[in-house]
Amino acid sequence: LIIEGEHRDVVFCCWFSYDGKYILTSSCDRTTRLWNATNGTLIKTLRYEYWVLNCAFSCDDQLIVTACDDKTVRIWDTESGQLKHSLEGHAHA
């Protein structure tokens with residue numbers, strides 16, 4: 001599976017969900033994207049004002065965590081895409 005054409009800049013991180021259904025990518029195009037791991041279809045885009053340096057799923061795949069260039073870590077609901085928590089003050093996100 002090759003996923004092309006959605007990110008507009010360098011992809012910093014990619015992560016498979018623990019159940020193998022999804023792929024998560026983060027980029028300096030200021031987005032985190034959730035993909036269908038079977039067919040490469042874009043499911044959801046999370047947008048930011050800064051580069052997204054890292055991303056991961058929680059062990060149960062219910063949450064997405066992202067680390068941004070603004071030194072903020074954000075926790076998102078995977079299903080809805082809603083921001084649940086924002087953690088600020090990291091020296092290096």
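Reader: Ok, so Ala, Val, Leu, Ile, Met, Phe, Trp, Tyr, Cys and Pro count as nonpolar, Asp, Glu, Lys and Arg as charged, and the others, Gly among them, as polar. How do the residues lining the largest pocket divide, then?

Author: Three are nonpolar, two are polar and seven are charged. A pocket here is an open set of points on a 1 Å grid over the protein atoms alone, where a 1.4 Å probe fits, with protein on both sides within 12 Å along at least five of seven lines; lining residues have an atom within 4 Å of a point.

Reader: Which residues line the largest pocket?

Author: Among them are Asp 19, Lys 21, Tyr 22, Leu 34, Lys 44, Asp 61 and Glu 79. The space in this pocket is about 200 Å³.

Reader: And what kind of model is this?

Author: A predicted one, where local features need pLDDT of at least 70 and side-chain atom pairs count only at pLDDT 80 or more, while totals for chains, interfaces and linings use all residues. Residues are numbered from 1 along each chain as its sequence is written, and side-chain values use heavy atoms, with hydrogens and water left out.

Reader: What about the hairpins, which residues take a positive phi?

Author: Arg 30 does, near 75 degrees, in the β2 and β3 hairpin with its three residues between the strands. In the β3 and β4 hairpin, with five residues between, Gly 40 has a positive phi near 80 degrees.

Reader: Why is β3 largely enclosed?

Author: Because five of its six residues (31-36) are buried, the rest of the structure largely encloses β3. Buried means under 20% relative accessible area, exposed over 50%, and partly exposed is in between (1.4 Å probe, protein chains only).

Reader: What's the order of the open sheet of four strands?

Author: β5-β6-β7-β8, paired antiparallel. β5 (52-57) and β8 (83-87) sit at the edges with a single partner strand each, so one side of each has no neighbour in the sheet.

Reader: Switching to cysteines: how many disulfides does the search find?

Author: Zero in the whole structure, a disulfide being a pair of cysteine sulfur atoms within 2.5 Å. Cys 14 has its nearest cysteine sulfur, from Cys 13, 6.2 Å away.

Reader: Does Cys 14 count as buried or exposed?

Author: Exposed, at 54% relative accessibility. Cys 59 counts as exposed too, at 69%.

Conventions: Pairing = 2+ DSSP bridges. Helix = DSSP H or I, 4+ residues; strand = E, 2+ residues; numbered from the N terminus. Points joined across faces, edges and corners; volume = space filled by probe spheres on them.
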